[in-house]
Amino acid sequence: MTTAITGATGNLGGLVIASLLRRGVAPADIVAVVRNADKAAPLAERGLVVRVADYSDTAALTSAFAGVDTVLLISGSEVGQRIAQHNNVIEAAEAAGVGLIAYTSLLAADRSGVSLAPEHRATEQRLTASSIPAVFLRNGWYWENYLGSLAQTVDGGVLLGAAGSGTIAAASRADYAEAAAAVLTSSNQGGKIYELGGDEHLSYADLAAIIADLSGKPVVYKDLGEAEYATVLQGAGLPDVVATMLASADAGISRGELDTDSGDLQALIGRASTPVAEIFRAAL
């Protein structure tokens, strides 16, 4: 069976490929769909099939999926453009006769109120209407999302956010990649929905305490409103769309929308999720 990984040179795509190889999938049975062939040279050197296609180019995607049995559609990074881009991937998969599409969606995408949810929800609806069976990998938040501001949090002694007392069941990017690889190497996945989240159910006050313990410096959580937090993030230099997305995610945390006790992640990877302290410790 041949599996195509879109966004194969991205952080998640690379980890999925590594996990597939560890599971014994032959390199020649993995098609790495990339935008830049030069960046994918290390994959080609390992024996993977590298094909160049952009999410905006349906014809190139159709060619890239030729002879492919399963496609892992890793959601695009261009917020606001992803519905059209994902539709292009799905149409190309249909034209190429792909047998299954696995899609990296968002935790509780069908009911979540966070700003990222509508594009994921629309993609799931398009996949449900497709002639190709689909499986939804509804990933929760990544612990790595906090690493960019970790040093600033330690230096300032304050973790800023808008999550209130809500809790989050995040996991590492590698955990989600391993779950995807488990699905891609399993049979009868069409129609399944996995709500994926970690074992720890932590508030931002809990995260501040963990950061303080790891750094040896006092850190407290300061809760802001969603709009105020977005303004702070914009003032720190983040693009408006990113600042709005992060603030909306925090508001979702306050409503419990990025927390889950489904156990789906743990069942797929066969172990507990990676502790947040392990992720943060490596970055400090």
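Which residues have the most contacts inside the largest nonpolar core?

## Nonpolar cores

Ile5, Val16, Ile17, Phe65 and Leu72 have the most contacts inside the largest nonpolar core, which has 58 residues. A nonpolar core is a set of buried Ala, Val, Leu, Ile, Met, Phe, Trp, Tyr and Cys residues joined through side-chain atoms within 4.5 Å. The model is predicted: local features need pLDDT of at least 70 and side-chain atom pairs count only at pLDDT 80 or more, while totals for chains, interfaces and linings use all residues. Residues are numbered from 1 along each chain as its sequence is written, and side-chain values use heavy atoms, with hydrogens and water left out.

Helix α7 (residues 173–184) gives the most to this core, contributing eight residues; helices (H or I, at least four residues) and strands (E, at least two) are DSSP runs, numbered from the N terminus. Beyond its neighbours within four places in sequence, Phe65 is in contact (heavy atoms within 4.5 Å) with residues including Ala4, Val33, Arg51, Val89 and Val98. A second, separate core of 31 residues includes Ala109, Trp143, Leu202 and Ile279.

## The buried face of helix α12

In helix α12 (residues 276–283), the buried residues are Val276, Ile279 and Phe280. Buried means under 20% relative accessible area, exposed over 50%, and partly exposed in between (1.4 Å probe, protein chains only). Viewed down the axis of α12, these buried residues fall within an arc of 90 degrees, so they line one face of the helix; the arc is that of the directions from the helix axis to the C-beta atoms. The buried residues of α12 pack against α6 (150–156) and α8 (204–215).

## Packing of α9 and α10

Helix α9 (residues 226–235) packs with helix α10 (residues 240–254) at an angle of about 145 degrees, and their axes are 8 Å apart. Axes are lines fitted to C-alpha atoms, for helices over the stretch in contact, and angles run from 0 to 180 degrees between N-to-C directions.

Among the contact residues are Tyr229, Ala230 and Leu233 of α9, and Ala243, Leu246 and Ala247 of α10.

## Positive phi values

Most residues other than glycine have a negative phi. Ala108, although not a glycine, has a positive phi of about 55 degrees. Ala108 is placed in the loop between β5 (100–106) and α5 (117–129), and counts as buried at 7% relative accessibility.

Asn188 also has a positive phi, near 55 degrees. Asn188 lies in the loop between α7 and β8 (193–196), and at 68% relative accessibility Asn188 counts as exposed.
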